Amino acid sequence: MSNPADDVMAKLQALRDSFAVQLPGRIQEIEAVGATLCGSKCSEAEEIEALKLIHYLSHKLTGSGATFGFNAVSDAARILERFAKEMLEHATPSTAAQRAQIRGYMEGLQQAVVQRDKKSVDNYW
């Protein structure tokens, strides 16, 4: 007879493993949107849409990263999320410095994923 707590833990670990497998794709999606934003020929409307999408995607990653124990990923995503939100609230065209900051925050997010891969996080639950 199986222990219900063990069954729940096994299901949670399976969800966590699935999240880990999907993580590189989520990061690539954010980077692709960021590349659009950071391009030199982006209209103001395209920039706003890109910022909204960066905010949305990084917000989702902030929450899911924390849920599954990827704290460094969650923290890096939160920084990007907050910066995108701040830019949206000001509703002015981005500056070269702001676009450079976004690139830096995306690099920080990528580094958090790389660092996570270097650590053993298999026993989170």
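**Helix packing**

Reply: Helices α2 and α3 pack at an angle of about 150 degrees, with their axes 8 Å apart. This is a predicted model, in which local features need pLDDT of at least 70, side-chain atom pairs count only at pLDDT 80 or more, and totals for chains, interfaces and linings use all residues. Residues are numbered from 1 along each chain as its sequence is written, and side-chain values use heavy atoms, with hydrogens and water left out.

Me: What makes α2 roughly antiparallel to α3?

Reply: The axes are lines fitted to C-alpha atoms, for helices over the stretch in contact, and angles run from 0 to 180 degrees between N-to-C directions. Angles under 35 degrees count as roughly parallel, over 145 as roughly antiparallel, 65 to 115 as roughly perpendicular and the rest as oblique. The angle of α2 and α3 is about 150 degrees, and α2 is therefore roughly antiparallel to α3. Their crossing is left-handed; that word applies if the near helix is turned anticlockwise from the far one by less than a right angle, and right-handed applies if clockwise.

Me: Why are α1 and α2 described as roughly antiparallel?

Reply: Helix α1 (residues 4-37) packs against α2 at an angle of about 160 degrees, the axes being 9 Å apart. The two helices are therefore roughly antiparallel to each other. The crossing of α1 and α2 is left-handed.

Me: How do you know which elements the chain contains?

Reply: Helices (H or I, at least four residues) and strands (E, at least two) are DSSP runs, numbered from the N terminus. By that assignment the chain has four helices and zero strands, and the order from the N terminus on is α-α-α-α.

**Burial and contacts**

Me: Why is Ser58 called buried?

Reply: Buried means under 20% relative accessible area, exposed over 50%, and partly exposed in between (1.4 Å probe, protein chains only). Ser58, in helix α2, has a relative accessible area of 0% and is therefore buried. Not counting residues up to four places away in sequence, Ser58 touches Ile30, Ala77, Leu80 and Glu81, where contact means heavy atoms within 4.5 Å. Ser58 is among the α2 residues that meet α3, and it is also among those that meet α1.

Me: Is Thr62 buried or exposed, and what makes it so?

Reply: Thr62 lies in helix α2. Its relative accessibility is 7%, so it counts as buried. Leaving aside its neighbours within four places in sequence, Thr62 is in contact with Ser74, Ala77, Arg78 and Glu81.

Me: What makes Glu107 exposed?

Reply: Glu107 has a relative accessible area of 53%, and it is therefore exposed. Its place is in helix α4. Glu107 and Ile27 are 80 residues apart in sequence, and their C-alpha atoms are 9.9 Å apart in space.

Me: What share of the chain is buried?

Reply: Buried residues make up 33% of the 125 residues in the chain.

**Salt bridges**

Me: Why is the pair Lys52 and Glu49 called a salt bridge?

Reply: A salt bridge is a side-chain nitrogen of Lys or Arg within 4 Å of a carboxyl oxygen of Asp or Glu. For Lys52 and Glu49 the N to O distance is 3.6 Å, and the pair therefore meets the definition. Both residues lie in helix α2 (residues 44-67), three residues apart, about one turn of the helix. Lys52 is partly exposed at 45%, and Glu49 is partly exposed at 48%.

Me: How many salt bridges does a search of the whole structure find?

Reply: The search finds two. Besides the pair in α2, Asp75 forms a salt bridge with Arg78, with the closest N and O atoms 3.2 Å apart. Asp75 and Arg78 lie in helix α3 (residues 71-90), three residues apart. Asp75, at 43%, counts as partly exposed, as does Arg78, at 26%.

**Backbone and confidence**

Me: What makes the phi of Ala91 worth a remark?

Reply: Most residues other than glycine have a negative phi. Ala91 has a positive phi of about 45 degrees although it is not a glycine. Ala91 is placed in the loop between α3 and α4, and it counts as exposed at 54% relative accessibility.

Me: Where in the chain is confidence lowest, and where is it highest?

Reply: pLDDT is the predictor's confidence in each residue, from 0 to 100. Confidence is lowest in helix α4 (residues 96-118), at a mean of 88, and highest in α3, at 96. The mean pLDDT of the chain is 88, and 90% of its residues reach 70 or more.
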